There are 2 protein chains.
Amino acid sequence: MGAGVGAAICDRLDRLGALTEEPGRLTRTFLSPAQRKADDLVLSWMRDAGMVARLDAVGNVVGRYEGCRPGLPALMIGSHLDTVRDAGRYDGMLGVVTAISCIETLDRAGHRLPFALEIVGFADEEGVRFGATMLGSRAVAGTFDSGLLMHPDRDGVTMAEALHGFGLEAARVGEAARRPEEILAYVELHIEQGPVLEQIGLPAGCVTSISGATRFVVDVTGEAGHAGTVPMGCRRDALAAAAECIAAIETRCSAEDGLVGTVGQLEVAPGAINVIPGHARFSIDIRAPDDAQRQRCADDVQSLAAAICERRRVAIETRKIHDLPAAPCAPWLMDQIDTAIAAQGITPFRLPSGAGHDGMAMIALCDIGMIFVRCAGGISHNPAEAITQQDAEIGARVLLNFIRDFKPRTTA
Amino acid sequence: MGAGVGAAICDRLDRLGALTEEPGRLTRTFLSPAQRKADDLVLSWMRDAGMVARLDAVGNVVGRYEGCRPGLPALMIGSHLDTVRDAGRYDGMLGVVTAISCIETLDRAGHRLPFALEIVGFADEEGVRFGATMLGSRAVAGTFDSGLLMHPDRDGVTMAEALHGFGLEAARVGEAARRPEEILAYVELHIEQGPVLEQIGLPAGCVTSISGATRFVVDVTGEAGHAGTVPMGCRRDALAAAAECIAAIETRCSAEDGLVGTVGQLEVAPGAINVIPGHARFSIDIRAPDDAQRQRCADDVQSLAAAICERRRVAIETRKIHDLPAAPCAPWLMDQIDTAIAAQGITPFRLPSGAGHDGMAMIALCDIGMIFVRCAGGISHNPAEAITQQDAEIGARVLLNFIRDFKPRTTA
């Protein structure tokens, strides 16, 4: 792997980052013309790196680099090529571009391995266009929900129509699914999207689990009243109750490593400066790398909020609107990732992923592993998203090391 | 005073409550055609009760009942005839209608007192049309701000134009001002607009002070981040900080009688379920019957919020947007109101008024006193506002007693 690999990766990310459907900012959604341009560019890079490359039935870019003989099962490495609105240039793309650079290195050295390699650039992970996420990886994992095909985007174009406009056929999306015996594992390199690696001063780390998430919407109903005339002891203030719930959620979620809890939305009614709030609605998002841990926390948070509201004589209604299990990374893959990190002279470090990734879908097909690369300030989903060329190079070297030394799981 | 006085008062309130500028709900703003109709009705009731009645230069209805000889200084009794949007029928109107029924009783008995009585129905207290409140009582007190005459309503009609359309002249508004030597005191009967009298089981009470109010807008700025990827210990969550401030405000304001504090508005940005809030803005409304008490509380609340935000490493900016001193009721008037209440066999009870009233303007002219009448559930500024006929009668008897036994302040 050449010394300029970090610069070369970043150069490609700049080129991909210029392919957008919105002038002046990076937005590239599922089956858009901008995605077509990105696909063509990635296909050309794959072919230049010695791969046989194609679009699959849902629009994923898939490149294959055969092993020491054709048709061997493949280690699949990938990430996604779509973006959020007003995105950065690293989320998703870094994993695809880095993997291609690894194949390029193998190919130039004429290096063939005792397994095939497949690089995938998923067509949809963020779910911006149709609301449903991980459409590309769900199709590969064989868990694509065909009920979504009739789902319209905000312009009223259904997913089936969008596929047709892209030159694909809704009826054939199922053909993107892979058989378990074809795939040895799925491994993804991705920016951390959080501040942990930066704070401890490491360029890369091994993911233990993609956290599951439980989300609630909570309605607290007290009694509106005149801010001047109702004594404090007579109030049933919905916002004061919500504020106490928020503090309790923060305290509970701070009590265990890996667990996080966020109240990101809060609305107050009637919302006048001189009126005691009669109603407050807020969201709760709880994530944990371990499902039992998340469930315990979700139960506790509900009990705490109910007790607070009972004491304050306000009504509370809690609705669970989302409940996605964690996707634990396979220990045998984590061990090999740690070894690849250590081979670069970096202390192996494990951390959960609080953000969702394609591995959550791929785990239905095969074991998964993830490598995180440090990013600036933990900032993501934002044009200010950044990594250094040096960290891009370290990430590529870790991934190449992992690939070269990869040992398929021994079914004992 | 006849046995049916409560029913008669409520009947008049129903008739006044039907005079509205919005079909299907009661809204009657300054200088509106609905106000003209209400004025005509109140003028006719005043004249029937033996008063000489007129509109003054700002549109207040003023009725005069001479004392045992013409031209004596007057005890002024009143309230306002305008309403909020979608109002109840008691806020303001009860005080005017009750006072007229007292004069009626005196007149029918041929009873003249050693002072004159003036009943005033202020044309604007709520400030709905032009934003500025207590325009009627400010004009009488001589503190009307003529700069407001050029102020437009939401249809672009200036106050000067609205006065002209009502048959009044902007240049002559100053003529509504009374001289201090003409007015012995200003006393107002009003529904409580809060739950205190109902909760302690008393139909009427004596107001100690119309609370002053201090209002702040607080901006808390932390750092937005991914709800999944930023560990709890690394967060600078603006909403969590605001929630802790809200709890501290509630605790501080609950620590002293009479004091109230309300956070009625709270907005969160970016306001997504999966994003840690980077910014929160909330309002604080602090009221107290005593100015020093309110000032101490406002200082404490600012210090507490600043300390919370410093500990949480979030920025806080607090802007004071309103600061109105309390209007204390005169002890000599409170004593006479207590006596009038006790004369009805009711335990005298004193309470502050957290809501604003015309007394806040009238105190610039003369000493003020207030009688509160119990209202259902403390509900006000709402069509559900209600009092019983029995309480209306008790209020009238208390006010009549107060008037009959009124002794002007002796300047010792």
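Visitor: Which residue forms a salt bridge with Arg129(A), and how far apart are the closest N and O atoms?

Guide: Keep in mind that this is a predicted model. In general, side chains of opposite charge can pair when their charged atoms come close. Here the partner is Asp153(A), with the closest N and O atoms 2.9 Å apart. Arg129(A) sits in the loop between strand E4 and helix H4 of chain A, and Asp153(A) in the loop between H4 and helix H5, so the pair ties together parts that are 24 residues apart in sequence.

Visitor: Are Arg129(A) and Asp153(A) buried or exposed?

Guide: Both are buried. Another pair to look at is Asp285(A) with Arg287(A), again with a closest N–O distance of 2.9 Å. Asp285(A) is buried at 0% relative accessibility, and Arg287(A) is buried at 6%.

Visitor: What about chain B: which residue does Arg296(B) pair with?

Guide: Glu256(B), the closest N and O atoms being 4.0 Å apart. Arg296(B) is in helix H8 and Glu256(B) in the loop between helix H7 and strand E9, so this bridge links parts 40 residues apart in sequence. Arg296(B) is partly exposed at 45%, as is Glu256(B) at 23%.

Visitor: How many salt bridges are there over all chains?

Guide: The search finds 68.

Visitor: And how many disulfides?

Guide: A disulfide is a covalent bond between the sulfur atoms of two cysteines. This structure holds zero. For Cys253(A), the nearest cysteine sulfur, in Cys297(A), is 3.6 Å away. In chain B, the sulfur of Cys206(B) is 6.6 Å from its closest counterpart, in Cys329(B), which is too far for a bond.

Note on methods
Residues are numbered from 1 along each chain as its sequence is written. Chains are lettered from A and ligands numbered from 1 in the order in which they are written. This is a predicted model: local features need pLDDT of at least 70, side-chain atom pairs count only at pLDDT 80 or more; totals for chains, interfaces and linings use all residues. Side-chain values use heavy atoms; hydrogens and water are left out. A disulfide is a pair of cysteine sulfur atoms within 2.5 Å. A salt bridge is a side-chain nitrogen of Lys or Arg within 4 Å of a carboxyl oxygen of Asp or Glu. Helices (H or I, at least four residues) and strands (E, at least two) are DSSP runs, numbered from the N terminus. Buried means under 20% relative accessible area, exposed over 50%, partly exposed in between (1.4 Å probe, protein chains only).
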